Amino acid sequence: MESARGPPKVKNKAAAPIQISAEQLLREAVDRQEVALQAPTQRFSDLEELHEHQGRKRREFEDYVRRNRVQLNNWLRYADWEIQNKELARARSIFERALDVHPNSVSLWHRYIEAEMKTRNINHARNLLDRAVARLPRVDKMWYKYVYMEEMLGNVPGTRQVFDRWMQWHPDEAAWSAYIKLEKRYGEFDRARDVFRRFITVHPEPRNWIKWAKFEEEYGTSDMVREVFNMAIQELDEFADEKLFIAYARYEAKLKEYERSRLIYKIALDKLPRSRSMALHKAYTTFEKQFGDESGVEDVVLSKRRVHYENQVKENPKNYDIWFDYTRLEETSGDVDRIRDVYE
């Protein structure tokens, strides 16, 4: 019977006379926490005691690296401890021993070089970077660190030499861009052009040609920009994409050379198949609406419909309705040669 009545009801719902806030609970919890164990502070009364402590620590580190030579952290902790004790010669010896075990470890080379740079041993750091890039020429991190250090020291010719060594390994596009930005920072635009020529030889993608054209647009002349675009079209040939032609045509339109721009669009439309020129058709239509006349817009519409019918007859050459529609389209254009070609 009592369980059927449910839980007992609280008769007095008034607030308690003494209220405890959340802040009081947290303070009490912190006060009751036990003090964490801390390592005792070591104080040395004389140099003899200090040397004894250092010898004991070195024996411990030597035991660690002897037991497990392939564990890189043991070597790094050992070297860092020697650096903290201002024993740079000992730290170098440890790093060199570690490199005998891990000659291809990027993190080990990085820590070694950073230690020399922090202690302002520039020649040591330069020698290490030279060894690192010779050992790991495909690791861009080492090259970036090398050129950064040389430029920070104001050694611009040395930075160029490092970049030239790096470029012989044909790195990715970011490395070439870093070299070009270096020449731009110091106003060496002719050198930057030479780098661009080597760059597009290694990475001849259309987007890199467009980068070169934008560089010439900013620092060169209109003739140089046209020369770059024309070289790109000739070199890439069938590998040229619509973005290259669109960039070229828009540049001419920016100079108000509308006939040049229109000619570039038409050449590109004749050169590229429909599957690779969707954006090109849209750009040409927008161009004619902005700068063309009524006949130009009609030509764009006719070219779109012409491509559509050509694709249809290729898929189904026996569909005579499409052929009749195609011939009527050409008859409206008034081009006798095209009409004959369609009928034949």
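Here are a few friendly notes on this predicted model.

1. Some ground rules: residues are numbered from 1 along each chain as its sequence is written, and side-chain values use heavy atoms, without hydrogens or water. In this predicted model, local features need pLDDT of at least 70 and side-chain atom pairs count only at pLDDT 80 or more, while totals for chains, interfaces and linings use all residues.

2. The protein has 18 helices and zero strands (DSSP runs numbered from the N terminus: H or I of at least four residues for helices, E of at least two for strands). Of its 344 residues, 35% are buried (under 20% relative accessible area, with a 1.4 Å probe and protein chains only).

3. The largest nonpolar core holds 70 residues (buried Ala, Val, Leu, Ile, Met, Phe, Trp, Tyr and Cys joined through side-chain atoms within 4.5 Å). Helix 13, residues 242-254, gives the largest share of this core, seven residues. Trp209, Leu244 and Leu280 have the most contacts inside the core.

4. Take a look at Leu244: leaving aside residues up to four places away in sequence, Leu244 touches Pro206, Trp209, Ile210, Phe229, Ala232, Ile233 and Leu236 (contact means heavy atoms within 4.5 Å).

5. Helix 13 also pairs with helix 15, residues 278-291: their axes come within 9 Å and cross at roughly 15° (axes are lines fitted to C-alpha atoms over the stretch in contact, with angles from 0 to 180 degrees between N-to-C directions). Helix 13 is therefore roughly parallel to helix 15 (an angle under 35 degrees). Among the residues making the contact are Phe245 and Ile246 of helix 13 and Leu280 and Phe287 of helix 15.

Key: Buried < 20%, exposed > 50% of the residue type's maximum accessible area, 1.4 Å probe, protein only. Parallel < 35°, antiparallel > 145°, perpendicular 65-115°, else oblique.
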